[in-house]
Amino acid sequence: MENETMIVTSGLPNPHHGNETAMILGCEHRQGAILNEKKNLYQIGLWGLENLIWSPETKVILHWLGSDILMAKSLPIWIPVINGIVDAHLCQSEENQKELKELGIDAKVVPLPPLFLIPKPIPLPNHHRIGIYMPPDSNSADFYYQSLNIPLARLMPDDDFLFYGNTDIARNFKTNNIVWGGWMDNRAIISNCSILIRMTKHDGFPKTLAEGLMAGRWVISNYFLKGAIFCQPDVEEIKKEINSCVEAVKMDSAPAEYWRKNLNHKKFKTAIVGLF
């Protein structure tokens, strides 16, 4: 283990963020209560922050995820408490930084990088396939515009779709051009798709989309991401952007080059260790 002075901590809803971040930083990852710990703590997400009990000389860094900001907006009374606990704040994007600023929190933008970086573009599949993220449960279906997904596939019967994520909530819809992938590794999603789509009412830093751009994939989103095609959450608008991608002679290499330059483990490590 490279880093013995720091522990990555996280709450139950975000274990993958904590696990991957600890592996990148070369330090321990823990979930649940941290009692009288003298090591510096790097907390991923708001969940579990209330379980941290540490010594006075310990520093605490909080990395805000997109969903955390929505929680803070609904419970602004907790902001002074959080500011009293945390020594430094990090967030996923410039948009998140602006939102936190409005809540009275000064945060630095340091996106959590993927565990496996993509060093060069991956060859496109033999035929176009469109990858669409499915929400984790029915309660978040509206948040992720799930109502658009099936109609989009039906509107484009000659195109293939890969639905990944919690596909169990929609498998009863029978459409011949949909592959129900379920929960998949990001690299498998990217290898099998040429276009990735994510529509959401709020976001932080969607790793799968950033990895897709690094791999040389078209990305369509209604939330700003460098190199992605911005599109409103409307079936006809999304169809139009998909057709534009399919008809393109070749992909622009600039997004892939940008993310390979700016999303790397060495840069991330330097930013985090420097805060402690």
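Select cysteine 27 to open the tour: this residue is buried, because its relative accessible area of 7% is under the 20% cut-off. The structure shown here is a predicted model. Next, select cysteine 91, which is also buried, with a relative accessible area of 0%. While the cysteines are displayed, note that the structure holds zero disulfides.

The next stops are helix pairs. Two packed helices are described by the angle between their axes and the distance between the axes.

Select residues 66-74, which form helix H2, together with residues 94-102, which form helix H4. The axes of H2 and H4 come within 11 Å and cross at roughly 20°. Since this angle is under 35 degrees, H2 counts as roughly parallel to H4. The crossing of these two helices is left-handed. Now show the side chains at the contact: H2 contributes Gly66, Ile69 and Lys73, and H4 contributes Asn96, Glu99 and Leu100. By class, the residues of this contact comprise two nonpolar, two polar and two charged.

Which residues of H7 and H9 meet? On the H7 side, select Ala210, Leu213 and Met214; on the H9 side, select Pro255, Ala256, Trp259 and Arg260. Colouring the contact of H7 with H9 by residue class gives six nonpolar residues, no polar residues and one charged residue.

Definitions and conventions:
Residues numbered from 1 in each chain as written. Predicted model: local features only at pLDDT ≥ 70, side-chain atom pairs only at ≥ 80, totals over all residues. Heavy atoms only, no water. Axes fitted to C-alpha atoms, helices over the stretch in contact; angles between N-to-C directions. Helix = DSSP H or I, 4+ residues; strand = E, 2+ residues; numbered from the N terminus. Parallel < 35°, antiparallel > 145°, perpendicular 65-115°, else oblique. Left-handed = near helix turned anticlockwise from the far one by under 90°. Contact = heavy atoms within 4.5 Å. Nonpolar A, V, L, I, M, F, W, Y, C, P; charged D, E, K, R; others polar. Disulfide = S-S within 2.5 Å. Buried < 20%, exposed > 50% of the residue type's maximum accessible area, 1.4 Å probe, protein only.
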